[in-house]
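I opened the model to take notes on its fold, its surface and its core. The entries follow in the order in which I looked things up.

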Amino acid sequence: MPAIDRGRAVDAADVLNDFIGDFITGVMVFREYEAQARAGKVPLDMMVGIQKMCVSHLVLAFAKFEEFWKHYHDVVPGEHREACRAIRTTIRERKVSEFRNRCVGHIWSNDARRPLKHSEVMEALQTLVNQDLGAFLRWINNPEANAYPSTVVSVIEAVRDAIVAEHGIRPEEIVDR
């Protein structure tokens, strides 16, 4: 296998670094507001919007992860490829791209020739989260147990760190781009 161009490795590490922030932020903002709602400090109608915002953010991050894999799978060290493929398999099974294309990016059902109904969006959301939003969020980022390879964040951090170590990438090469 040919050597990986160092510039591509820096690009990959930079993208992965952004993903870490996207996945952690999407989960933690939702959890923080959910706790505030349980305490009666955030009204339900606001919580609906916050859930939509956070889920949309996470869905877009997963779409970007698929794009990352398409362009940078060869940069991912061999020992981490299976964990990345497992994430990709899961997001395909949960129809993340379909959710993004149908519910996050549009209002219209081309098949029915009308706006999507709330019930249709909720059905797609249940497929996305496999009937358990809490488990879905913990699978992405579980601050109490972010152990490799049990969470998306742990896999992405491990891949980024391995690329950085393998190519001697300094933090400023990522942050100061």
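I took helices (H or I, at least four residues) and strands (E, at least two) as DSSP runs, numbered from the N terminus. On that basis I found 8 helices and 2 strands in the chain. Read from the N terminus, their order is α-α-α-α-β-β-α-α-α-α.

I noted that the model is predicted, so local features need pLDDT of at least 70 and side-chain atom pairs pLDDT 80 or more, while totals for chains, interfaces and linings use all residues. Residues are numbered from 1 along each chain as its sequence is written, and side-chain values use heavy atoms, without hydrogens and water.

I looked up the extent next: along the principal axes, the C-alpha atoms fill a box of roughly 50 × 40 × 30 Å.

For burial I used under 20% relative accessible area (1.4 Å probe, protein chains only). Of the 177 residues, 41% are buried by this cut-off.

I then turned to the nonpolar core, a set of buried Ala, Val, Leu, Ile, Met, Phe, Trp, Tyr and Cys residues joined through side-chain atoms within 4.5 Å. The largest one has 50 residues, and Phe23, Phe62, Leu128, Ile140 and Ile163 have the most contacts inside it. Elements giving two or more residues to this core include helix H1 (6–38), helix H2 (44–72) and helix H7 (152–167). H2 supplies the largest share, 12 residues.

I checked Leu128 for contacts, meaning heavy atoms within 4.5 Å. Leaving aside neighbours within four places in sequence, Leu128 touches Val55, Val59, Arg94, Val96, Phe99 and Phe136.
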